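Dear colleague,

I am passing on the structure below, together with notes on what turned up when I went through it. Please read the notes alongside the model itself.

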Amino acid sequence: MLVLGIETSCDETAAAVVDENGRVLSDVVHTQIAVHRPYGGVVPELASRDHLRNAEPVIVKALADAGVRLDDVSGVAVTCRPGLTGALLVGVQIAQGLAWAAGKPVVGIDHLVGHICAAYLERPGVKLDRPAPPFVALIASGGHTALYRVDGLESGAIRELGATRDDAAGEAFDKVAKLLGLGYPGGPVIDRLAKAGDATRFAIAPPMPERDSLEFSFSGIKTNVARWVEKNGVPSDEAALSDLCAAFQRRVVDALVRKTMVAARRERVSTVVLGGGVAANRELRAAMANAGAVRELSVVVPEVASCTDNAAMIAFAGVARLAKGEDDTGRLEVNPATSLPRVTRKGRGRR
Ligand code: KG4
Ligand code: ZN
């Protein structure tokens with residue numbers, strides 16, 4: 001079975017071909033970072049237009065890289081939620097058009113289910129231990145940060161345990177980077193600077209006081225960095241800048257790791273899976289692996305290319321649905337919200 005995946009929910013136009021075992025035959029990602037950089041964040045209208053421009057060449061390349069034609073795939077899987085409505089519409093309409101023209105089924109995929117499925121992708125030369133449900137997944141990206149209990153790979157078997165009440169972890173990286181004049185997106189540059197920094201030199205208060213809840217809050221830490229900058233100014237030398245980034249990053253990583261460990265204990269699972277763009281962070285990857293080793297948990301950290309937005313994870317989420325004969329032809333709709341049941345309401349605390 002071969003599935004063509006299409007992803008246009010935010011600022012990456014992506015297409016990939018994956019087989020039923022999660023083997024990645026091709027994985028093409030066209031990032032819009034340069035389009036949005038002048039604005040310091042994603043501009044929805046520009047995102048839709050750029051998806052329109054790039055979807056066709058990206059899909060053509062994904063098929064060519066895999067050495068297949070549309071006729072060879074068993075079906076098309078496309079992200080239909082959550083995300084920017086106009087951006088999602090581009091991918092969904094193209095997926096429906098392709099599937100219709102080729103006489104193939106098409107299935108809509110929740111982007112967050114896709115991020116969880118990233119742990120099953122097999123890329124050339126890399127062998128990953130596939131997580132066996134039940135497990136706890138931490139998905140941390142620019143738009144989402146939440147812990148899930150995963151009993152299976154379909155939306156009905158995935159339950160949110162706690163999410164952020166305000167900013168997503170990646171959003172905090174992006175906002176702090178903007179504050180420090182480091183450009184967009186903030187995660188990779190803060191990751192790089194923090195690597196050389198001393199996390200203990202500057203005192204940045206931790207992001208959230210409530211120790212036992214599985215909810216996150218990252219707007220406080222951004223304010224803490226902003227206060228520090230108001231008082232001391234943006235560090236002019238690279239060493240001090242690195243130390244400040246290291247202090248901020250350590251606080252975010254600590255919170256993500258600590259809550260993931262609490263969730264694993266509460267849910268009595270022996271496996272923890274990491275996903276989302278922030279899972280590309282080197283300190284987070286290492287800290288999670290260490291924390292897991294201490295508690296004899298198996299920690300699955302997908303490769304960076306699988307963590308950040310891609311269509312291979314969407315294709316693999318489609319495998320299970322297509323294998324069951326499911327087909328959303330004629331009733332595919334886009335939705336800015338996730339289909340996964342939620343316990344945390346953004347901005348309002350616990351439901
Ligand atoms: O999953 P993703 O590619 O797109 C969304 O669904 O949001 O995640 C993008 C986010 C951005 O906020 C970016 O700053 C963050 O992931 N990010 C990182 C790193 N690489 C990307 N955050 C921390 N460290 C990184 N190395
Ligand atoms: Zn994402």
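The four donor atoms around the zinc ion (ligand 2) subtend angles of 89 to 149°, so the arrangement counts as irregular. Donors here are N, O and S atoms within 2.8 Å of the metal (3.2 Å for Na, K and Ca), and water is not among the atoms, so sites may look incomplete.

Before going further, please note that this is a predicted model, in which local features need pLDDT of at least 70 and side-chain atom pairs count only at pLDDT 80 or more, whereas totals for chains, interfaces and linings use all residues. Residues are numbered from 1 along each chain as its sequence is written, chains are lettered from A and ligands numbered from 1 in the order in which they are written, and side-chain values use heavy atoms, with hydrogens and water left out.

The zinc site

The residues that coordinate the zinc ion (ligand 2) are His 111 (NE2), His 115 (NE2) and Asp 309 (OD), at 2.0 to 2.2 Å. His 115 belongs to helix H4 (residues 111-117), while Asp 309 sits in the loop between helix H10 (304-307) and helix H11 (312-323), so that this pair, 194 residues apart, links distant parts of the chain; helices (H or I, at least four residues) and strands (E, at least two) are DSSP runs, numbered from the N terminus. The spacing of the donor residues of the zinc ion (ligand 2) in sequence is H-x3-H-x193-D. His 115 and Asp 309 are both buried, where buried means under 20% relative accessible area, exposed over 50%, and partly exposed in between (1.4 Å probe, protein chains only).

The sheet with strands S1 to S5

One open sheet has five strands in the order S3-S2-S1-S4-S5, with mixed pairing, two strands being paired if DSSP finds at least two bridges between them. Its edge strands, each pairing on one side only, are strand S3 (24-31) and strand S5 (106-110). Neighbouring strands of this sheet are turned by 20° against each other on average, direction ignored; the axes are lines fitted to C-alpha atoms, for helices over the stretch in contact, and angles run from 0 to 180 degrees between N-to-C directions.

Strand S2 (residues 12-19) and S3 are antiparallel and share seven bridges, with Thr 13 opposite His 30 in S3. S1 and S4 pair in the parallel sense over four bridges, and Gly 5 stands opposite Ala 77 in S4. S4 and S5 also run parallel, joined by five bridges, and here Thr 79 faces Ile 109 in S5. Six of the seven residues of S4 are buried, which leaves this strand mostly covered.

Helix H2 (residues 44-66) lies across strand S1 (2-7), S2 and S3 and runs at about 25° to S2. H11 packs on the sheet too, touching S1, S2, S3, strand S4 (75-81) and S5, and its direction makes about 120° with that of S5. Within strand S5 lies Val 107, which counts as buried because its relative accessibility is 0%. Val 107 touches, among others, Val 76, Ala 77, Val 78, Gly 318, Arg 321 and Leu 322, leaving aside residues up to four places away in sequence; contact means heavy atoms within 4.5 Å.

The sheet with strands S6 to S10

A further open sheet of five strands has the order S8-S7-S6-S9-S10, again with mixed pairing. Strand S8 (158-163) and strand S10 (298-300) are its edges, each pairing on one side only, and the twist averages 25° from one strand to the next. Strand S6 (residues 135-140) and strand S9 (residues 271-275) are parallel, with four bridges between them, and Leu 138 stands opposite Leu 274 in S9. Helix H8 (residues 238-267) lies across S6, strand S7 (145-150), S8 and S9, running at about 155° to S6.

The cysteines

The structure holds zero disulfides, a disulfide being a pair of cysteine sulfur atoms within 2.5 Å. For Cys 80, the nearest cysteine sulfur is that of Cys 117, 13 Å away. Cys 117 has its closest cysteine sulfur in Cys 307, at 13 Å, which is too far for a bond. Cys 80 is buried at 8% relative accessibility, and Cys 117 is buried with a relative accessible area of 1%.

With best regards

Key:
Four donors count as tetrahedral if all angles lie between 85 and 135 degrees; four count as square planar and six as octahedral if opposite donors are over 155 degrees apart and all others between 65 and 115; anything else is irregular.
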